[in-house]
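Hi everyone, thanks for making the time.

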Amino acid sequence: MTDASAPDLPLISARGISKSFAAIEVLRDVDLDLRRGEIHALLGENGAGKSTFAKILAGVHRPSRGTLALNGEPVEIHTPIAAQRLGITLIHQEPISFPDLSVAENLVLGRTRGSPLAPVPWIEMAREARRLMDLLGVKIDVNRPMRGLSIADQQMVEIARALASDSRLIIMDEPTAPLTPKEVETLFGIARRLRNEGRTIVFISHRLEEVRQLCDRVTIFRDGNKIATDDIANLSDGDIIRLMIGRPLREYMKKQGTTIGEVALKVEHLSSPGLFSDISFELRKGEIVGLGGLVGAGRTDVARAIFGVAPAQSGTITIDGKAVTIASPSQAIGLGLAYVSEDRAISGIFRTLSVEENITAAVPRQIAPQGVIRRAIARTLASDSVRKLRIRLASLRQPIGELSGGNQQKAILARWLLTDPSVLILDEPTRGIDIGVKAEFYEMIGDLAAGGHAILLISSELPELLALCDRVLVMSEGRLTADIPRAEATQESIMRAAVPRSSKTAVAA
Amino acid sequence: MNALRAILLRREMGIFVAIIVFCAIVGILKPRFLELDNLRVILLLVPLIMIAAMGEMLVVIARHVDLSVGSTLGFAAMMTALMFKLHPEIPFYLGFPVAIGIGAVLGLINGITVIVFRLPAIIVTLGTLYLYRGLTFIASGARQIDRQFIPSPLKAMSANSPSYWLPWIVIIAVVVVLLAYWFANHTRLGRQVYALGSNPAAAPLRGIPVTAVTLAVFAISGALAGLAGILYASRWGFVNPSNTGWGFEFQVIAAVVIGGVSINGGVGSVLGVVLGVLLLGCVSAALPLLGIPGTVQSAIFGLVIIVALVIDQTVRERGVQALTTTRGARA
Amino acid sequence: MTTEPALQPAVQTANPLDAAPARPLWQVVLIRPVMMTVVLLILEPIVASIFWPQSLDLGYVLSTFTLTAPLALMALVLTLVIIAGEIDLSPASSMALTACVFAAVLQAGVPFPLAVLICVGLGFVLGLFNAFLVVYLRLPSLIATIGTLTFYRGLAQVLAGDNSIKFPDWYMGLNLVTVLGIPVPDLIVTLAAILLALLLSATIFGRQIYQTGTSEVAAQHAGIRTRLIKTTLFVTLGVVSALAGMMFTSQLGTVRYDLGLGGELQMVLMAMLGGTYIFGGRGSILGTFLAAWLLSIMTNAMNTASWLPATQFCLLGVLLIVSIIATNFIYSRTQR
């Protein structure tokens with residue numbers, strides 16, 4: 001497998017790689033060479049295409065167009081196993097493991113071939129596993145089960161797997177997010193050593209400081225395009241941020257002249273171990289407050305805690321001046337909260353049920369005052385919503401699964417507007433929606449605030465936050481790191497607060 | 001010291017202690033319970049369940065379940081007995097491959113249905129439980145096959161007399177247990193069974209042949225039920241289309257879940273299941289001695305299944321909790 | 001932890017950009033699993049009349065249905081449980097246990113109304129225990145109710161031993177009472193079917209049952225109290241199995257612990273043949289109701305043709321698997 005010919009021949013060269021999901025193109029004509037013995041960072045905002053590209057390399061996705069060459073030879077990577085055989089390993093942020101099997105077995109599983117009744121070489125397996133662990137300099141008992149290992153240790157096991165199969169390309173997708181500073185140091189040490197052995201490492205991270213510490217070259221993605229590839233030394237932090245976000249602001253602006261009223265929702269010292277800690281903020285009537293940050297920063301967890309899906313362990317929530325306890329969504333709805341969740345397919349829609357049933361799902365009292373459903377009321381409510389939000393559909397009785405993503409999302413928004421909420425939490429409301437419908441959403445959100453609703457808008461799209469919000473809160477690694485008024489909010493200021501600087505001790509705003 | 005602690009904390013230890021305590025209590029109340037004769041009764045009581053439980057264990061570890069083992073046992077026993085009845089000249093040992101083969105085919109039918117139609121195994125095997133039972137009736141013309149048709153050497157294999165201290169069926173059960181231990185712990189396929197049950201979503205990503213593993217566990221479960229079937233004919237000397245193996249699945253599943261096999265897959269050991277079977281055997285043997293009617297048995301099995309499920313669930317949830325707290329402490 | 005957008009693409013693939021045109025009305029009405037039941041129900045008496053000429057005689061069909069009626073009654077409620085995304089295999093055992101207790105307390109001279117109360121109360125407790133295991137301990141309902149299936153019937157055996165308990169003469173013969181020529185058990189089942197069908201289609205409770213079964217997570221996010229709904233259904237099924245036991249024993253005059261043995265197969269079969277989706281969220285009372293008649297006619301035809309009970313079970317077992325596969329197939333074709 002090892003190939004020493006032509007040292008300047010890139011290990012991997014990708015040409016014209018494109019990828020579409022349904023009709024949405026998430027990666028466009030990406031050309032990229034990965035050299036032998038380099039650590040190469042992929043940078044970009046959420047959804048910029050860097051993870052998709054990594055997954056194409058690892059055989060998780062297949063490109064819609066374009067070619068890959070390994071050592072100059074064209075290859076097709078159909079499956080993760082094929083990638084493994086070619087010496088490419090992807091290490092997921094949440095590592096894959098078989099929790100009931102031992103560490104040593106997890107290392108070997110799927111790599112060995114042989115007859116089904118071939119004996120399991122327990123002793124050699126453990127010896128080999130121990131050798132790999134020693135090589136990585138980590139102390140993990142290879143005979144213990146995976147269950148209960150920390151994420152850091154599970155990652156080490158994945159890296160050991162990559163070494164065991166003699167991988168030449170190791171892709172690490174945001175590996176440092178769940179690690180402590182010391183663990184990060186260990187990981188970096190290992191990464192450098194692997195590079196020095198001539199292996200290639202692709203490193204996906206949001207932490208500029210880490211990228212600068214570790215990587216040789218960076219490639220920056222934006223909106224599915226490769227924007228630039230350069231030596232890290234040639235780029236300043238400012239350059240990198242500008243390249244990552246450099247796109248024109250959209251022209252949808254919040255309608256001015258809305259009066260901001262009294263406090264509708266007040267959250268104090270909300271904490272949930274492992275997810276977020278000490279979150280405090282206020283939300284006023286008629287105000288749109290953005291909640292920015294990277295994926296995994298804990299924004300959705302805060303929303304779920306407020307809405308009672310997964311209540312926080314400590315802290316207080318005050319609604320309209322009254323302290324409340326919210327243990328379930330039905331209580332939250334009773335208190336005038338509404339939550340458009342992030343994963344519409346799982347926690348939003350009832351796929352096979354009609355649009356009408358979906359829209360009226362949260363207002364049982366209105367459509368059935370005495371327990372019996374009044375068809376006429378339900379139909380009127382639903383068709384009014386359809387008209388008001390301009391939902392495109394063939395019939396109210398159509399299963400909602402047949403609508404487009406944008407129209408499904410409108411129907412979910414319609415569901416919550418029927419509850420006449422005083423506080424509306426929108427979690428990535430425009431994700432996976434095409435641009436035309438997005439514009440409609442922005443207008444609607446503006447109108448809602450003008451109508452006196454208090455809105456908490458969770459979004460990973462900076463322009464969206466800047467255009468719509470009166471204030472932007474930023475979370476990083478489970479803490480609030482900034483509260484930026486509209487006048488001072490820029491893409492740079494939000495990014496700066498969102499990107500964790502020194503690994504764990506997040507800077508307070 | 002640590003090794004000792006690890007041994008004491010093993011799940012199997014709990015069952016072991018339960019057996020000792022139970023036997024001690026019954027032994028004090030009815031000293032006859034611990035006498036040699038009675039121990040031999042227990043020894044003859046457990047082999048059938050023991051053999052079928054080894055197959056069921058593998059199915060449950062792979063995160064499925066096989067409710068049809070009782071009917072499979074009945075069908076295999078009936079077909080073998082019919083063969084002996086129609087062709088008395090066939091040597092008795094040929095009954096073994098026949099019974100095992102028939103069982104394996106029935107098991108494969110379960111597995112194929114589960115794989116092809118992506119149905120929950122429990123529903124499929126609930127269907128085949130009745131299907132196989134019905135086939136047994138049709139094949140036998142609803143008539144029992146009596147003692148005179150079962151070959152004597154076969155019956156002798158479970159002879160219970162002092163001259164046969166260790167009846168053959170006990171030896172066969174021991175061999176099956178050893179093979180199961182070897183299979184589960186020392187073969188590639190065996191480990192793939194654990195992996196599949198431990199994380200079915202990840203299994204294909206790691207190149208585990210999910211279809212083959214699933215078919216294998218059902219086929220093994222069927223084959224062992226078939227083996228238990230011919231041993232039934234040996235042990236009782238008759239095969240009845242309605243009684244043979246009726247309700248057997250509940251005893252087998254009870255033994256497996258008491259033995260610490262998790263219905264959530266991936267967890268379970270041969271030693272645990274062996275102890276589970278022995279515990280059930282002791283309970284069954286003790287009831288008549290204690291003057292408790294045999295009718296209580298199925299209530300006890302039912303209760304035992306529920307209690308074992310609840311224990312399994314609590315252990316698992318506590319495990320998950322511990323995991324999240326350690327993560328929380330680190331963040 | 002929040003989910004990475006990794007899942008997003010798969011979702012988008014499932015949602016085409018533009019709204020697909022609605023299916024034509026005739027398709028919506030005709031291509032659904034319950035039509036399978038209707039067609040079978042029309043065809044079946046004709047086929048069955050080969051073995052059993054009376055299958056075309058309405059009076060005879062009505063009077064033989066009384067023996068299926070108790071299972072049908074439970075199957076109707078079981079349909080709701082399955083639509084809500086769970087299953088209960090224990091009702092036949094609950095019926096046996098409550099009926100044995102009922103008989104025992106009557107024999108002990110407890111006044112009738114009190115005996116009824118005890119029996120129904122026990123049904124309530126048995127249903128609540130199932131709910132406790134499934135809803136609060138979060139055990140998978142299939143396996144948990146297999147446990148209670150064994151346990152409840154075992155308790156009945158403990159209580160009654162292998163003997164039959166006789167009922168007083170005045171209690172017997174509910175099936176011989178007729179209203180407008182229709183035996184009372186048939187009427188009860190029909191009435192229950194109408195009530196449950198109304199509950200399921202016209203009330204908010206019914207709608208929330210569907211929503212719970214379609215996506216429990218989405219239902220919880222929409223403020224629907226799914227745990228309460230499931231608990232209610234399990235408890236109702238427990239109570240109904242007690243009532244079914246009373247109805248059954250009045251027809252039989254005696255009860256043994258093996259009352260309705262294997263009934264779980266027939267009940268699940270009724271629901272599946274009626275087009276209820278094994279994974280929840282879809283199904284109808286009408287389907288189960290029709291399937292119950294279908295099974296009743298079939299059973300009688302097979303009895304008349306003197307098929308052995310186990311042979312019949314064999315057919316039922318095949319039918320169960322085939323009907324699930326057919327239902328799944330129809331749903332996968334018609335609903336995207």
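Chain B averages a pLDDT of 84, and 90% of its residues score at least 70; pLDDT, by the way, is the predictor's confidence in each residue, running from 0 to 100. On labels: residues are numbered from 1 along each chain as its sequence is written, while chains are lettered from A and ligands numbered from 1 in the order in which they are written.

Back to confidence. Residues 320-331 of chain B have a pLDDT below 50, and beyond near neighbours in sequence that stretch has 10 contacts in the model. A contact here means that the C-beta atoms of two residues, placed from the backbone, lie within 7 Å. Chain A has a mean pLDDT of 84, with 92% of its residues at 70 or more. In chain A the pLDDT is below 50 over residues 1-5, a stretch with three contacts beyond near neighbours in sequence. It is also below 50 over residues 502-509 of chain A, where there are 17 such contacts. Where pLDDT is low, the predicted coordinates should not be read in detail.

Staying with chain B, let's look at a helix pair. H5(B), residues 69-86, and H12(B), residues 248-258, pack at an angle of about 130°, with their axes 6 Å apart. Axes are lines fitted to C-alpha atoms, for helices over the stretch in contact, and angles run from 0 to 180 degrees between N-to-C directions. The two helices are therefore oblique to each other; under 35 degrees would count as roughly parallel, over 145 as roughly antiparallel, 65 to 115 as roughly perpendicular, and the rest is oblique. On the H5(B) side the contact uses B:Val69, B:Gly70 and B:Leu73, and on the H12(B) side B:Phe248, B:Glu249 and B:Val252. By class that makes four nonpolar, one polar and one charged. For those classes, Ala, Val, Leu, Ile, Met, Phe, Trp, Tyr, Cys and Pro are nonpolar, Asp, Glu, Lys and Arg are charged, and the others, Gly among them, are polar.

How does chain B meet chain A? 24 residues of chain B are in contact with 24 residues of chain A. H14(B) gives the most to chain B's side, with seven residues. That side divides into nine nonpolar, 10 polar and five charged residues.

Now the sheets of chain A. One is an open sheet of six strands, in the order S16-S17-S18-S13-S19-S20, with mixed pairing. Strands pair if DSSP finds at least two bridges between them. S16(A) and S20(A) stand at the edges with a single partner strand each, so one side of each is left without a neighbour in the sheet. The twist averages 20° from one strand to the next. Inside the sheet, S13(A) and S18(A) run parallel, joined by four bridges, and A:Val289 stands opposite A:Leu456 in S18(A).

A:Tyr339 is buried, with 28 other C-beta atoms within 10 Å; the cut-off for buried is 20 or more other C-beta atoms within 10 Å of a residue's own, against 12 or fewer for exposed, with partly exposed in between, and C-beta atoms placed from the backbone.

The other sheet is open too, with four strands in the order S12-S11-S14-S15 of chain A and antiparallel pairing. S12(A) and S15(A) are its edge strands, each pairing on one side only.

Last stop, chain C, which has 15 helices and four strands. Of its 336 residues, 57% count as buried.

Note on methods: Predicted model: local features only at pLDDT ≥ 70, side-chain atom pairs only at ≥ 80, totals over all residues.
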